[in-house]
Amino acid sequence: MKSEKSFRTSIAHKSTDTQNYISLAELYHYSYVEKKEQADDVLLEGIAANPAADTPQRYEALARRLAYLYEQRQEWAKAVERWEK
């Protein structure tokens with residue numbers, strides 16, 4: 001998928017841009033059935049690249065989106081865990 005490749009290229013060049021991780025995760029979750037379950041992996045990748053101690057605002061944006069994704073999947077325990085962090 002061309003858009004996936006574009007997001008991956010953007011992430012490789014600027015790992016601090018949280019919107020690229022969020023957009024790729026949403027692409028997987030909403031439009032790419034084969035990779036739907038990888039949406040949370042993308043957000044976790046973004047969180048690892050933007051730790052809370054270094055970039056709290058970026059970390060929080062990714063963590064909130066991950067919690068919301070877990071809510072959409074009805075993975076309540078994971079959602080609560082993320083909201084508490």
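**Helix packing in the predicted model**

The axes of helix 2 and helix 3 cross at roughly 170 degrees and come within 8 Å. Angles over 145 degrees count as roughly antiparallel. Helix 2 and helix 3 are therefore roughly antiparallel to each other. The model is predicted. Helix 2 spans residues 18-31, and helix 3 spans residues 39-49. On the helix 2 side, the contact involves Tyr21, Ile22, Leu24, Ala25, Tyr28 and His29. These residues meet Ala39, Val42, Leu43, Glu45, Gly46 and Ala49 in helix 3.

Helix 3 also packs against helix 4, which covers residues 56-72. Here the angle is about 160 degrees, and the axes lie 9 Å apart. That angle makes helix 3 roughly antiparallel to helix 4. The crossing is left-handed. Helix 3 contributes Ala39, Asp40, Leu43, Leu44, Gly46 and Ile47 to the contact. Helix 4 contributes Tyr59, Leu62, Ala63, Arg65, Leu66, Leu69 and Tyr70. Ala39, Leu43 and Gly46 of helix 3 meet helix 4 and also meet helix 2.

Helix 4 packs in turn with helix 5, residues 76-84. Their axes cross at roughly 160 degrees and come within 8 Å. Helix 4 is thus roughly antiparallel to helix 5. This crossing, too, is left-handed. From helix 4, the contact draws on Tyr59, Ala63, Arg64, Leu66, Ala67, Tyr68, Tyr70 and Glu71. From helix 5, it draws on Trp76, Lys78, Ala79, Arg82 and Trp83. Tyr59, Ala63, Leu66 and Tyr70 of helix 4 take part here and in the contact with helix 3.

The structure holds eight salt bridges. One of them joins Arg8 and Glu45, with the closest N and O atoms 2.8 Å apart. This pair links distant parts of the chain. Arg8 lies in helix 1 (residues 2-13) and Glu45 in helix 3, 37 residues apart.

On the surface, Tyr30, Tyr68 and Trp83 form a nonpolar patch. Together they have about 360 Å² of accessible area. Tyr30 belongs to helix 2. Tyr68 of helix 4 and Trp83 of helix 5 also take part in the contact between those two helices.

Definitions and conventions. Residues numbered from 1 in each chain as written. Predicted model: local features only at pLDDT ≥ 70, side-chain atom pairs only at ≥ 80, totals over all residues. Heavy atoms only, no water. Patch = residues over 30% accessible without salt bridge, like charges linked within 9 Å, V, L, I, M, F, W, Y side chains within 5 Å. Areas by Shrake-Rupley, 256 points an atom, 1.4 Å probe, with all protein chains shown as cover. Salt bridge = Lys/Arg side-chain N within 4 Å of Asp/Glu carboxyl O. Helix = DSSP H or I, 4+ residues; strand = E, 2+ residues; numbered from the N terminus. Axes fitted to C-alpha atoms, helices over the stretch in contact; angles between N-to-C directions. Parallel < 35°, antiparallel > 145°, perpendicular 65-115°, else oblique. Left-handed = near helix turned anticlockwise from the far one by under 90°. Contact = heavy atoms within 4.5 Å.
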